[in-house]
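Thanks for making time. Please have the sequence and the model open.

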Amino acid sequence: MKARRIGLITCANAAQELNCAMAVCMSAINKRTGTFSKYEEPVSLAGVVTCAGCPSLAYPEKILDKVRALTSVGITDIHLSNCMDELCPFVKKYIKLIEEGLPQVKLTVGSHVELISAEEFRQKVKSAFSGHRPMSDIINGKI
């Protein structure tokens, strides 16, 4: 059975400013947990990109360039990471743009099982940003 080619879009701020290695997202893909549990066939992570970054108010359509880059290598299913879902002020706009602009893409919001509540996560990320701490401190319970 052919593996389903999956793409992941994660938060640019989490990846670049908090040095998120996407370890929890990768684990969910490998273990087929979280939103990846829905796939019956084998899955293959075929690409990872970040969003366009904040503030994207001037050009939120840049997300379509990111999705096109993923689809150009044969990805048909794209997941927006939990960080995108919980932190991104543009996520609803991004979802609408992707669904309207690239309707052939199967879009899933979320990646892994929630480790903590959304509110607690947002507070910890805010603390990490203000204290220049890495995302791994949140994941490992140091924040």
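I start with His112, which sits in the loop between strand S4, residues 106–109, and helix H6, residues 118–131. Keep in mind that this is a predicted model. His112 has a relative accessible area of 17%, and the limit for buried is under 20%, so His112 counts as buried. What does His112 touch, leaving aside residues up to four places away in sequence? The list is Val24, Cys25, Ala28, Gly34 and Asn82.

Next, the salt bridges. The count comes to seven, and I will go through three of them.

Glu41 is buried, at a relative accessible area of 18%.

Arg4 also forms a salt bridge with Asp77, where the closest N and O atoms are 2.6 Å apart. Here the separation is 73 residues, again between distant parts of the chain: Arg4 is in S1, and Asp77 is in strand S3, residues 77–80. Asp77 has a relative accessible area of 2%, so this residue is buried. Taken together, Arg4, Glu41 and Asp77 are linked in a network of salt bridges.

Are the two partners buried or exposed, or in between? Glu86 has 14% relative accessibility and counts as buried, whereas Arg122 is partly exposed at 33%.

On to aromatics. The count is one aromatic pair. The pair is Phe90 and Tyr94, with ring centres 6.1 Å apart and planes at 35 degrees. Why is the pair called tilted? Planes under 30 degrees apart would count as stacked and over 60 as edge-to-face, so 35 degrees falls in the tilted class. Both Phe90 and Tyr94 are buried.

Two packed helices are described by the angle between their axes and the distance between the axes. For helix H3, residues 62–71, and helix H5, residues 91–101, the axes come within 9 Å and cross at roughly 55 degrees. That angle is why H3 and H5 are classed as oblique to each other. The crossing of H3 past H5 is right-handed. On the H3 side the contact is made by Ile63, Leu64 and Val67, and on the H5 side by Tyr94, Leu97 and Ile98.

Last, the backbone. Most residues other than glycine have a negative phi. Met22 is in the loop between helix H1, residues 12–17, and H2, and is buried at a relative accessible area of 15%. Arg32 is in the loop between H2 and S2, and at 26% relative accessibility Arg32 counts as partly exposed.

That is the list.

How values were computed
Residues numbered from 1 in each chain as written. Predicted model: local features only at pLDDT ≥ 70, side-chain atom pairs only at ≥ 80, totals over all residues. Heavy atoms only, no water. Helix = DSSP H or I, 4+ residues; strand = E, 2+ residues; numbered from the N terminus. Buried < 20%, exposed > 50% of the residue type's maximum accessible area, 1.4 Å probe, protein only. Contact = heavy atoms within 4.5 Å. Phe/Tyr/Trp six-rings, centres within 6.5 Å; stacked < 30°, edge-to-face > 60°. Salt bridge = Lys/Arg side-chain N within 4 Å of Asp/Glu carboxyl O. Axes fitted to C-alpha atoms, helices over the stretch in contact; angles between N-to-C directions. Parallel < 35°, antiparallel > 145°, perpendicular 65-115°, else oblique. Left-handed = near helix turned anticlockwise from the far one by under 90°.
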